[in-house]
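Please have the sequence and the structure open while reading.

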Amino acid sequence: MESFIKKNKGIPMLINLKECSQQSLETIIRNRQNDYKLRFNDVGFIYLFDGLDELSQSQAENALLHISTLATSKETRKVIVSCRSGNQNRYLFNQYVDAEEYEIDDLTTSHLDEFFKVRSDAEKIKQLNALKKNNDKLINSVTDIFLVQLLWETI
């Protein structure tokens, strides 16, 4: 972690944007920095804002206004925002921030197999293989890590 912080000249800070329904993004960041005693210590930050798609349009606009200000701050090293591709807030994002956009491809059944394999639970692997034979439509619909985790927990 230390080498990562030195290399990137910043400390990563994950912010789940659905917390913005309870308090402002500015308050969340300030509290997080205070909790870790990082406020006003000439420390740079790499912000990862997760779940823009989980906000209403007005909440997203408020968050994006603050994110656009953060993006130009001298303490900010990088800003990363996640949003599902079909969500309206993704298009709203482009009005507030000029940024590179990357898409994450859907997971495949080989990713699902690997997920189960590394957890080394023979019974769950057996049940997964049975599901593949009996309900491949269900298996093919598991395309993101949240659904993979849900399938793991359900099996």
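How are helix 5 and helix 6 oriented to each other, roughly parallel or roughly antiparallel?

## Helix 5 and helix 6

The model is a predicted one. In it, helix 5 covers residues 109-118 and helix 6 covers residues 122-134. Their axes come within 9 Å and cross at roughly 160°. Angles over 145 degrees count as roughly antiparallel, and helix 5 and helix 6 are therefore roughly antiparallel to each other.

The crossing in which helix 5 passes helix 6 is left-handed. On the side of helix 5, the contact is made by Leu112, Asp113, Phe116 and Lys117. Helix 6 contributes Lys124, Ile125, Leu128 and Lys132. By class, this contact of helix 5 with helix 6 has four nonpolar and four charged residues, and no polar ones.

## Helix 5 and helix 8

Helix 5 also packs with helix 8 (residues 145-154), at an angle of about 50° and with the axes 11 Å apart. That angle makes helix 5 oblique to helix 8. Here the crossing is right-handed.

Leu112, Phe115 and Phe116 of helix 5 make the contact, together with Ile145, Val148, Gln149, Leu151 and Trp152 of helix 8. By class, the contact of helix 5 with helix 8 has seven nonpolar residues, one polar residue and no charged residues. Leu112 and Phe116 are named in the contact with helix 6 and again in the contact with helix 8.

Three strands form an open sheet in the order 1-2-3, with parallel pairing. Strand 1 and strand 3 are the edge strands, each pairing on one side only. From one strand to the next, the twist averages 15°. Helix 2 (residues 25-35) packs on this sheet and touches strand 1 and strand 2. The direction of helix 2 makes about 135° with that of strand 1.

Strand 1 (residues 11-16) is joined to strand 2 (residues 45-50) by six bridges. In strand 3, Thr76 is the bridge partner of Phe45, Lys78 stands opposite Ile46, and Val81 is the bridge partner of Phe49.

What kind of unit do strand 2, helix 3 and strand 3 make? They make a right-handed β-α-β unit, in which helix 3 spans residues 57-71.

Which residues join helix 3 to helix 4? The axes of helix 3 and helix 4 (residues 88-96) come within 10 Å and cross at roughly 30°, and the crossing is right-handed. The contact is made by Gln57, Ala60, Glu61, Leu64, Leu65 and Ser68 of helix 3. From helix 4 come Asn89, Leu92, Phe93 and Tyr96. The residues of the contact of helix 3 with helix 4 divide into six nonpolar, three polar and one charged.

Conventions. Residues numbered from 1 in each chain as written. Predicted model: local features only at pLDDT ≥ 70, side-chain atom pairs only at ≥ 80, totals over all residues. Heavy atoms only, no water. Pairing = 2+ DSSP bridges. Helix = DSSP H or I, 4+ residues; strand = E, 2+ residues; numbered from the N terminus. Right-handed = clockwise from strand over helix to strand, strands pointing away. Axes fitted to C-alpha atoms, helices over the stretch in contact; angles between N-to-C directions. Parallel < 35°, antiparallel > 145°, perpendicular 65-115°, else oblique. Left-handed = near helix turned anticlockwise from the far one by under 90°. Contact = heavy atoms within 4.5 Å. Nonpolar A, V, L, I, M, F, W, Y, C, P; charged D, E, K, R; others polar.
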